[in-house]
Amino acid sequence: MTTTNANIGADINCASGLDPLFTLVSGRTALGQAIARRLQTPRGTLAWIGDTADYGYDVRQHLGDDLTPRLVSMIASRVEAEALADERVRAATATVTLLAGALRVALQLADAAGPFRLTLSIDAVTVTVLQVQ
């Protein structure tokens with residue numbers, strides 16, 4: 001059974017910055033935002049918080065690079081690994097595309113409730129959740 005309200009936690013809405021109203025999101029929306037945060041956090045920058053030295057892969061570092069097919073494949077592999085680092089994610093497949101100075105990351109994910117899609121737009125400043133479905 002696939003559901004978009006899987007019991008996978010709740011968090012403050014903060015995909016593109018902290019919501020000043022501290023609105024809560026839950027289910028796959030919360031999971032999608034958690035993955036988006038992972039993909040804009042440079043590895044090791046949260047190590048001072050605790051056991052998070054392996055947290056993060058800032059995809060924005062590749063904007064401006066000569067995105068060869070080999071580099072795009074490497075980015076996709078690292079995105080998949082970072083998504084799988086979240087214990088709620090059971091499977092991840094990523095497709096990375098360069099569109100008008102931004103990267104589009106399309107993830108096919110699976111959690112305890114089954115498969116779903118997460119689409120992100122990544123530019124030099126923000127990682128935006130376009131779709132969680």
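Student: What covers the buried residues of H1?

Tutor: The cover includes strand S1 (10–12), strand S2 (24–26), H2, strand S4 (102–111), strand S5 (114–122) and strand S6 (127–132). Contact here means heavy atoms within 4.5 Å. This is a predicted model, in which local features need pLDDT of at least 70, side-chain atom pairs count only at pLDDT 80 or more, and totals for chains, interfaces and linings use all residues. Residues are numbered from 1 along each chain as its sequence is written, and side-chain values use heavy atoms, without hydrogens and water.

Student: What makes H1 largely enclosed by the rest of the structure?

Tutor: Of its 12 residues, 11 are buried, so the helix is largely enclosed. Buried means under 20% relative accessible area, exposed means over 50%, and partly exposed lies in between (1.4 Å probe, protein chains only). Among the buried residues are Gly 27, Leu 31, Ile 35 and Arg 38. Across the protein, buried residues make up 41% of the 133.

Student: How do you know that the span of H1 agrees with its 12 residues?

Tutor: The expected span is 1.5 Å times one less than the number of residues. For H1 that should be 16 Å, and the end C-alpha atoms are 17 Å apart, which agrees.

Student: Why does Arg 38 count as buried?

Tutor: Its relative accessibility is 10%. The cut-off for buried is under 20%, so the word applies. Arg 38 is in helix H1. Leaving out residues up to four places away in sequence, Arg 38 touches Tyr 55, Gly 56, Tyr 57, Glu 82, Ala 85 and Asp 86.

Student: What makes the pair Arg 38 and Glu 82 a polar contact?

Tutor: Their side chains are joined at 2.5 Å. A polar contact is a pair of N or O atoms within 3.5 Å; within protein, one must be able to donate a hydrogen and the other to accept it, and residues adjacent in sequence count only if both atoms are side-chain atoms.

Student: Why is the pair Arg 43 and Glu 82 called a salt bridge?

Tutor: The closest N and O atoms are 3.1 Å apart. A salt bridge needs a side-chain nitrogen of Lys or Arg within 4 Å of a carboxyl oxygen of Asp or Glu, so the pair qualifies. Arg 43 lies in the loop between helix H1 (27–38) and helix H2 (69–84), and Glu 82 in helix H2, so the pair ties together parts 39 residues apart in sequence.

Student: Is Glu 82 buried or exposed?

Tutor: Glu 82 is buried, with a relative accessible area of 3%. Arg 43, at 47%, counts as partly exposed.

Student: How many salt bridges does the rule give?

Tutor: The count comes to 5. One of them joins Asp 58 and Arg 60, at 2.8 Å from N to O. Asp 58 is buried at 12% relative accessibility. Arg 88 and Asp 86 also meet in a salt bridge, at 2.7 Å. Arg 88 is partly exposed at 22%, whereas Asp 86 is buried at 5%.

Student: Which residues do salt bridges with shared partners join into one network?

Tutor: Arg 38, Arg 43 and Glu 82.

Definitions and conventions: Helix = DSSP H or I, 4+ residues; strand = E, 2+ residues; numbered from the N terminus.
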